[in-house]
Amino acid sequence: MVFKQLLGAFGAGGPSVETVVASPVLRPGEYLRGHVRLQGGDHEVHVHRLTLGLATRVESEHGDHEGEHVQEFHRAEIAGGFVLGAGLAHEIPFELPLPYELPPTEVYGQPLHGMIMGLRTEVEIAGHVDQGDLDPLTIVPLPSQQRILDAFAELGFAFKGADLEAGHIAGVHQELPFYQEIEFFAPPQYGGRIEEVELTFVAGPGTLAVVLEADRRSGLLSEGGDVLGRFDVSHDQALYMAWEHEINMWLGAVTAHPYEGHGSHGHGGHEGHRGHGGHGGGPGWGAVAAGAAGGVAADFVGGAVVSELLDDDEDDGDNGDGGDASEEIFEDAAAAAYQAAYQEAVEEAVEEAVEEAYEEAYEEASEVFGDD
């Protein structure tokens, strides 16, 4: 980063500013460290305020119109109330905590197409504010998020793009005024029944909400539409979960049941389908059952220390046949736990539906015979 003259405030001969960060590659929840260096111009000035802000590009909807804008969402004043003498240099160190919800902009060393994140330095002198350009920052996933992204890659999903949607997700504690959607093309093994899957992370210091949205094609016995799923886990649980199995089982439930597939996400201050608004209702009994089973299976897998079983590279050459046997035992146990929990949730849902249908039929019959 180079010195930038504050032409907006004083024109030629005014002070200049340079912002230097210790590392432009960071993870959510870390500290952005560096310093701002001011170089005095031809005459003495009084610096009233020096502020740093994080900004990104966000997509939003207004009625039938969609647009995007650069939005500052996190800022901190790092200095103010000092005199910068003519020709003198003044350096201010800073340490800015980053939000845990900060969306990744790079995965596997490759930028996520559609994502922009930057640091902006704002200097206020004599009532004039000079807002600098965005200095780019790279945000890489948390280890828990990377584990889930690895699972999508292992299952054959192809990255399509990523963006930030203005609004909030209903039922999820969210600090930032937007959420990220990482979009994937579904692999062939889902038989063309799923076109795309969108992945959203909402991270906190100890928790991670994983929201999935599947774009399901319509079929002979099923209606197309978006189906939502959600996993709430700790960061430690996310590291050791068999996400390949969890995602595959959830998508299997999505494609197997002919239910209405409209979930409930908040957007723009109201509940509706995530990022588009206006679609009410629940995810359907099949998705509810899958979500309940997924939660039980997550608790089972999260309690086991099996990180070595999730890393194929480490298994090869170290564990031999024992590693393969352990992996098979783990996968069989996880599948059995998931299947048992899923079956229990489905049976409960079906039992409730039958009871409701019986009560309605009984009431209708009573009215008919009562009239006779």
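How many bridges join strand S11 to strand S12, and do they run parallel or antiparallel? I looked this up to open the notebook: four bridges join S11 (residues 117-125) to S12 (residues 128-131), and the two strands run antiparallel. Strands pair here if DSSP finds at least two bridges between them. Glutamate 122 has glutamine 131 of S12 as its bridge partner. In this hairpin two residues lie between the strands, and alanine 126 takes a positive phi near 50 degrees.

A note on the source: this is a predicted model, where local features need pLDDT of at least 70, side-chain atom pairs count only at pLDDT 80 or more, and totals for chains, interfaces and linings use all residues. Residues are numbered from 1 along each chain as its sequence is written, and side-chain values use heavy atoms, with hydrogens and water left out.

I then checked burial (buried means under 20% relative accessible area, with a 1.4 Å probe and protein chains only). Buried residues of H2 include Ile148, Leu149 and Phe152. The buried residues of H2 pack against several elements, among them strand S17 (194-203) and helix H4 (243-256), with contact meaning heavy atoms within 4.5 Å. Just after H2, glycine 156 takes a positive phi of about 95 degrees.

Last, I noted that the protein has seven helices and 21 strands, and that 46% of its 372 residues count as buried.

Conventions: Buried means under 20% relative accessible area, exposed over 50%, partly exposed in between (1.4 Å probe, protein chains only).
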